[in-house]
Amino acid sequence: MASLSAAISRSSSSPCFPPPNPNTASLSHHRNIFHSQCRAFPLSRPSLFLRKGLTLPPGRESQSTRICASVADVSLNLSVEEKQLPKGDTWSVHKFGGTCVGTSQRIKNVADIIIKDDSERKLVVVSAMSKVTDMMYDLINKAQSRDENYVAALDVVLEKHSQTAHDLLDGDHLASFLSQLHQDINNLKAMLRAIYIAGHATESFTDFVVGHGELWSAQMLSLVIRKLVTSCFPSGTEQNGVDCKWMDTREVLIVNPTSSNQVDPDYSLSQQGLEKWYSLNPAKVIIATGFIASTPQNIPTTLKRDGSDFSAAIMGALFRARQVTIWTDVDGVFSADPRKVSEAVILKTLSYQEAWEMSYFGANVLHPRTIIPVMRYGIPIIIRNIFNLSAPGTKICHPSVIEDEDKQDLQNFVKGFATIDNLALVNVEGTGMAGVPGTASAIFGAVKDVGANVIMISQASSEHSVCFAVPEKEVKAVAEALQSRFRQALDAGRLSQVAVVPNCSILAAVGQKMASTPGVSATLFNALAKASINVRAIAQGCSEYNITVVIKREDCIKALRAVHSRFYLSRTTIAMGIIGPGLIGSTLLDQLRDQASVLKEEFNIDLRVMGIISSKSMLLSESGIDLARWRELRDEKGEVANLDKFVHHVHGNHFIPNTAIVDCTSDSIIAGHYNDWLRKGIHVVTPNKKANSGPLDQYLSLRALQRQSYTHYFYEATVGAGLPIISTLRGLLETGDRILQIEGIFSGTLSYIFNNFKDGRAFSEVVAEAKEAGYTEPDPRDDLSGTDVARKVIILARESGLKLELSDIPVESLVPEPLRDCASAQEFMQQLPKFDQLLSKKQEEAENAGEVLRYVGVVDVTNKKGTVELRRYKKDHPFAHLSGSDNIIAFTTRRYQNQPLIVRGPGAGAQVTAGGIFSDILRLASYLGAPS
Ligand SMILES: NC(=O)C1=CN([C@@H]2O[C@H](COP(=O)(O)OP(=O)(O)OC[C@H]3O[C@@H](n4cnc5c(N)ncnc54)[C@H](OP(=O)(O)O)[C@@H]3O)[C@@H](O)[C@H]2O)C=CC1
Ligand SMILES: N[C@@H](CC=O)C(=O)O
Ligand code: NA
């Protein structure tokens, strides 16, 4: 200690008298007055000066003397009125962090921003240049660990600031800054030497050393502003750069350290300090040091973590500023972490409470304690990006002061979402807990004893279990402490278990308006359910600014995206996998391509095709295939088809919460996967009839699965292509009508064939035409054999509640017996003309009787049976008046008994079928939350 005081006294007695404050450095004609005023000053301002003089380490004396200098220079010609601190809407406060003043160019940019701010008065809080605070701490560490390299490290600090000053300043400004810098460095050298000798640095010595970074950046910035303004307004007008002062906030900000590495501002002492400082340094632009302050005993200290933000907020409160702008390197506060949710948006506004909540979850918001000072006076804080001045930033304020055009934001009941990972849930359960006072205290007492931090607590009012979340790394100790604390209760069975659920995450939704809005939590949980996210625990306090749910860690990003897209303006985004880019599949892809922008812009629906697979190859994309080029891309980048990999890719992406597979094949093996996909939460849309007309038990389990879950299975295009057949039938059934019979022409192919099979044309020629037009199944025998119609009959029969198998339907086949076993569709088409005669004969007989041939399917619900056959109808029957590939379906029901409900229109063909699938996809989107 002896050597420490020796070092201090050496420094104090340094012969070098401090140079004038850089604020006044250019006023060289005041120098003589400066000396006499400076000496006189302590007598006229005893309290301020005494506070300064009593316990300061050596360098502080020179700081306080600098203030005398500025007083001497500037207060000369000012009236008493001008020396009083003006308040009330005249001041705007800015805070620039270390990155903002990290280089000479950035310091110039900051000066520019300040000059351009047209507020009447400006108070600017600056941090040390980036990395400087760490360099200063490193000096202390080196010195106290007796590492001689602190001297070289101090030279680096000197060089950094000297170089920056040379870049920015010239003439008197440069000279005065460098002189001060060298003097400070000399003082620091002495002080570090003392620390080196003592092998220890007290907290106040450390804080004193570290605070120099802020002193230098504030001085440099003030001189740059002086230089710039003076060069713009050379004559000594009001705008003259002289009206910019720098403030060592240790002269003003008085704080009391608290036990938990924090400080509480003493507003009353600080206010007095400010009034006095201002009376000596009246100015319209003040550059103040961030981060540093003094204790009431006048010992240097810092404002700890986020100190400069805190300085700005306290200054804002002391000046009763109009607003406080915190300049940073992001555009504002995002609605969710943009690295996890690519559609996260910048929030225009946040209430103070919302900002608290968001900052807790690590969003890039101010630390809660930095909000409190300005909140007391309702002063808005604006977070802005210094590297993107066009971004308006986020305004944190009281909701009542938000301007009309920004109110939109407030309509969002949930403003932001955040997550915390690496948690575990602890569940203490047992009948012995209910109604026993002190149980919670005992549980949390044990948790406290192992030093674990409880992040969330939930207990249902039955009191049979208490569940809470702790950091994963602390859970082992917590569980052991509880096991031991409740050993007796566990042995006696009063507690049944202390269970740990590892690998959890918290998802929190934040929004002040939730408090007054019913249905917010319903929407949140609905979005989670639709994304198949299981919720393990829930908590919401009665302040209702935050709903917290605990979920599995692997679900976290998916959950975040699901809820974000549900609440946020946002698009309902669906990751889609298209299986079977044949006639129908490729037409669908083209329709999706053509409609994509309308869906995005007008309906907020974003359909992203993440993969396309045929039986041989597949094309996968991480963010969505460019549908204008999918064919070329497939040729360029296609890989060998692998269905498992395909499904995993489409469903496994982590940035789209919903997945749908669209099966455009006619393959029963593909249809066999639906069950598994639905179980995994993958929605299925298909025109493929194989699943619904396959084995009854598989169909029933598929439908049961669909009903039990929030996963959807839509298949409107399986009957009548795009015609609303399934939906009409569902509507009748769901509203309580009873179906008696469904009779219709269900085959577009056969409709086309019999509508055109006249005037002596050959049957095979008309079949070829239907195939060419895209009405037929991949193998036209599926149509001609009646199997396709039978499948549709089965689908409608099962939809109506009949438990029939395909084999229960008698079917009249139009495939000539010898061609039933042809190897391929192609061979069949080649052979068919040989058998034209068979049907020509039937057609002539009907014609002669004034009738037409029609191939129909019938679901006889009353008698629980179905048939598929060629029938003859009078020429005035509705079935006789069809054209093209028209389907016609007549529903005879209890309500539509005398006049059946008829749906008619083209029931086959690429465009109408793809359109039917597309409309199922949009139905899915609306089920998932897209606007109607
Ligand atoms: N045409 C119409 O008017 C209507 C058709 N439908 C239904 O639409 C579906 C498609 O018909 P359509 O487009 O005419 O048929 P296509 O034969 O033109 O296309 C079928 C597609 O499925 C692919 N595919 C077949 N098996 C597999 C498999 N195991 N894995 C991956 N891909 C496979 C084929 O690929 P590859 O070429 O490599 O074999 C082809 O791309 C059928 O279920 C049909 O019943 C429904 C209503 C109306
Ligand atoms: N091939 C079918 C197409 C639709 O299911 C038909 O012709 O109706
Ligand atoms: Na349909």
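**Entry 1: Val767.** I looked up Val767 and found it in helix H31, which covers residues 763–772. I note here that the model is predicted.

Next I wanted to know which residues Val767 is in contact with, leaving aside its neighbours within four places in sequence. I wrote down Ile753, Leu784, Met829 and Leu832.

I also checked Val767 against Pro780, which is 13 residues apart from it along the chain. The separation of the two C-alpha atoms is 8.1 Å.

**Entry 2: ligand 1.** I turned to ligand 1 and asked where it sits. The space it takes is the largest pocket.

I then looked up the residues around ligand 1, and there are 27 of them. Which come nearest? I listed Ser615, Thr665, Asp667, Glu777 and Gly909.

**Entry 3: polar contacts of ligand 1.**

- For Glu777, a polar side-chain atom lies 2.5 Å from an oxygen atom of ligand 1.
- For Gly909, the polar atom belongs to the backbone, and I noted 2.7 Å to an oxygen atom of ligand 1.
- For Gly582, a backbone N or O atom is 3.1 Å from an oxygen atom of ligand 1.

Last, I looked up how much of ligand 1 the protein covers. On its own, ligand 1 has 920 Å² of accessible area, and the protein covers 80% of that.

Methods: Residues are numbered from 1 along each chain as its sequence is written. Chains are lettered from A and ligands numbered from 1 in the order in which they are written. This is a predicted model: local features need pLDDT of at least 70, side-chain atom pairs count only at pLDDT 80 or more; totals for chains, interfaces and linings use all residues. Side-chain values use heavy atoms; hydrogens and water are left out. Helices (H or I, at least four residues) and strands (E, at least two) are DSSP runs, numbered from the N terminus. Contact means heavy atoms within 4.5 Å. A residue is near a molecule or strand if one of its heavy atoms lies within 4 Å of it. A polar contact is a pair of N or O atoms within 3.5 Å; within protein, one must be able to donate a hydrogen and the other to accept it, and residues adjacent in sequence count only if both atoms are side-chain atoms. Accessible areas come from the Shrake-Rupley method with a 1.4 Å probe; for residues, only the protein chains shown count as cover. On a 1 Å grid over the protein atoms alone, a cavity is a set of points where a 1.4 Å probe fits but cannot get out, and a pocket is an open set with protein on both sides within 12 Å along at least five of seven lines; lining residues have an atom within 4 Å of a point. A molecule sits in a cavity or pocket if more than half of its atoms lie within 2 Å of its grid points.
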